[in-house]
Amino acid sequence: MSDTNFTATVPLESAPSELSQSSQQVLSLREKILAIRNGLRQGQQQMADWESGPLAVSAVPGAGKSTGMAAAAAIAIARQYERLAQSRSSVHRQLVVVTFTRSAAANIKAKIRKYLRDDLSLPQTGFAVYTLHGLALNIASRYPDLSGLELENLTLITPSQSHRLIRTAVEQWINNNAEKYFRLLEGQQFDGEETERLRRQSVLRTEVLPDLATTVIHEAKSSGISPEQLQSWSQQTSDQYAILSIAAGLYEQYQNLMRSRDFIDYDDMILAALRVLENDSARRIEQNQVFAVFEDEAQDSSPLQTRLLEILASDDQDRGDKVDKGDKGVSFNSQLSTQHSALSTQHSALNLVRVGDPNQAINSTFTPADPIYFRQFCEECDRIAKLATMNQAGRSTRIIIAAANFALEWVNSFYGAKNQKSPHLPTSSPFRPQTIYPVSTNDPQKNANPAPESKGLELYTPRDIHHTVELLGKRVVELFTPDPSNTRAAVLVRENRQGRWLAEMLAPVCKEHKITLYDVGERDRRSHVPQEILALLQFCDRPHSPDYLKAALEVLVQRQLIPTQDLNALASLPEEFLYPGPLAAPQTEPVEKAAHLCRSLLRARLELPLYQLISFLALALNYDQAELATADKLAERVNQQISGGSSMGAMLSALSEIVNSERFEPVETEDLEAHYTRANQLTIITMHKAKGLDWDYVFIPFLHENLIPGRFWVPPQSQFLGDFTLSEVARAQIRAALHGESGIPDVSQAWEQAKHLKTAEEYRLLYVAMTRAKRLLWMSAAQKAPFTWSKPENLQEQAPCPVFPALKRQFPEYMMS
């Protein structure tokens, strides 16, 4: 089962017939729309006012982006109902909402439904919510002849399988490219010593080349660049190793292995969907089902994903949406360089709303996501007066907003001037200029821009990391003591090793004062969903097994669907329990309830197709939003594994393998993530994982330059190749080509650009961390800290993150002794 489970796709004709029969009710609908709109902030209102054309929405942290998008989506659906009622049209289109993760999809779907049900009194239909890959798979799977994806013969590759294939591709490339391999082996210099040769061979085979392949395959494929196109780009470079040529060869070997083993990956889904949309007829069919596309977290989209949404959102059936079948790489590259300028002439035909924050793009140095495309979309929309800015945020107290704004401006000023001195570095600043403003006094958000705790901003310079823990622990106790049941706090760290050490140090203090300490990085995240689903499926497969019946009943008791009772007595005679004969003693009410529920499960096994069983069982277990999303993820994975040999036995085998041998990652939603923000809890969490969350009090210790912004570190074992890494040089060269720069940079220039990308992203990460705080932002940079957190006992003088001294100079009254 694919991500299309995150949809509400009932057609619009299910709207009440009286809507089309009474102009008074249409007027009432308009009044309800206006009521929703008037309850939004100015930036959110701009989104709600959208009716057609492209719209870029740049939203600052805490601006209520998801609420605004859900309200705008519900209003757009209501207007579509209104148009149908007035025109009596038989053409029923839906709104497609696309977001980045399953959790976000589940969350925004629930919000849209709530608006439609509670505020508009409309059916909860007329829209579909997808992840990007779920949307692509939905399109590709309905046109197997056009997409080339015959799902019954293909398998979605898992990370472990991909790693194995990459290692195989490396070995095959080495065998076929001895000359290039020996050039790598020689490195900068080599005296021919055999022990050193063997060491270098191991480094190249197990680290350098697999890392290069992994980076380039994801970067190139997600941009629609073929191995052939990458090979042609390599001819524009002249480095001693021919890095792009090596990368193209590894990419080609990997693709051949994928095809030979009938594997596909997520990028293949996007490419397959685009192949479908090359066909005029299929493209018209898909476009005729959609009246608009709303995209959330647009700053994390790749070029291919952007292209897919633009085609679906187009109303112009005859525009050139095709991809050159002869060379997809060239075609996509040329289209990407012109897609934004095309907005100014074709904007009326593109019903696309993209919402995001380029300043919260924190994944671009380890995923193919590149915020430059959303930035360009914003700039182009701004030129045609189609840019909405959600710059009011009610999350944080005013001094925290001021600190975050200053950090953004300082970084742009400092690094903008620095980059201008180097002609090889990008001219764009780490941040898009954008100021966060407090909300107005009549804002609908409760307790917006809350009063600060003490000063609201506290800047510390402890002697060392142990002094840091002492100060932090003391402040935590002060904050939690007055009203622990209403106190929420978090410590945000740059890496999990810091979190593990900090948890050990803070555990005694938290235990003494009865404060729950929750270390997100250490939590066992094995999901209960697969075990429960497996237990019910085993019962459905063999209902007369006492063991399976008891296991299923235990699940129902744990889920509080049946009363607690003696399950052994029920399971000892399965037939008598499930189907009591006329001579059997009457069942008590608890037993009868349990038997009825078990029979309903067995009936579903007979009446439903296999691929729907897991989702049905999840509903039967009364799962919450997060658990339903996890069950859908599980169903998708199981159904992909058994495609082509679908049977109950195959499903049980696949599910048993997941339960017995793997850690299955649950889908997280904001509801599930509430355990990160519980009251009377101090949460230790990485800055990356904290995105989208907030706490009353946020602590950011260990702000040192070696981590933020940090620097690219070349591992000692691979320094024989030079003072750079092949993978990051290749990434920078590919992005330069994709961005349409005048030429592909050489190795030294690419390495400098890679360092610039990392620096920019690290500062955006700090900005995200700072804007998680509501009432108090506590920051520190100890004078002494470990060089590496794998050895926290080895302390040495460490320079602070450059932003930290600037903050102390700007806000001297907030420096704490």
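**Sheet, cores and cavities of the predicted model**

W713 is placed in the loop that links helix 30 (706–710) to helix 31 (726–738); helices (H or I, at least four residues) and strands (E, at least two) are DSSP runs, numbered from the N terminus. With a relative accessibility of 59%, W713 counts as exposed (over 50%; buried is under 20%, partly exposed in between; 1.4 Å probe, protein chains only). The C-alpha atoms of W713 and F724 are 8.2 Å apart in space, at a separation of 11 residues in sequence. The model is predicted, and local features need pLDDT of at least 70, side-chain atom pairs count only at pLDDT 80 or more, and totals for chains, interfaces and linings use all residues. Residues are numbered from 1 along each chain as its sequence is written, and side-chain values use heavy atoms, with hydrogens and water left out.

An open sheet of 6 strands, with parallel pairing, has the order 10-15-14-11-13-12; two strands pair if DSSP finds at least two bridges between them. Strand 10 (457–460) and strand 12 (516–519) are the edge strands, each pairing on one side only. Neighbouring strands of this sheet are turned against each other by 15° on average, direction ignored. Strand 10 runs parallel to strand 15 (residues 773–780) and is joined to strand 15 by 4 bridges. The bridge partner of L459 in strand 15 is M779.

Helix 19 (residues 465–480) lies across strands 10, 11 (488–493), 13 (681–686), 14 (695–700) and 15, and runs at about 160° to strand 15. Helix 20 (residues 496–512) also packs on the sheet, where strands 11, 12 and 13 are touched, and makes about 170° with the direction of strand 12. Axes are lines fitted to C-alpha atoms, for helices over the stretch in contact, and angles run from 0 to 180 degrees between N-to-C directions; contact means heavy atoms within 4.5 Å.

The largest nonpolar core has 90 residues, of which F294, L492, I700, L703 and M779 touch the most other members. Such a core is a set of buried Ala, Val, Leu, Ile, Met, Phe, Trp, Tyr and Cys residues joined through side-chain atoms within 4.5 Å. Beyond its neighbours within four places in sequence, L492 has contacts that include I685, W695, I700 and R772. A second, separate core of 51 residues has V208, V216, A247 and M258 among its members.

The structure holds 3 cavities of 30 Å³ or more. A cavity is a set of points on a 1 Å grid over the protein atoms alone where a 1.4 Å probe fits but cannot get out, and lining residues have an atom within 4 Å of a point. The largest cavity has a volume of about 60 Å³, and its lining includes P61, R395, I436 and T771.

Conventions:
1 Å grid on protein atoms, 1.4 Å probe; cavity = no way out; pocket = protein on both sides within 12 Å on 5 of 7 lines; lining within 4 Å. Points joined across faces, edges and corners; volume = space filled by probe spheres on them.
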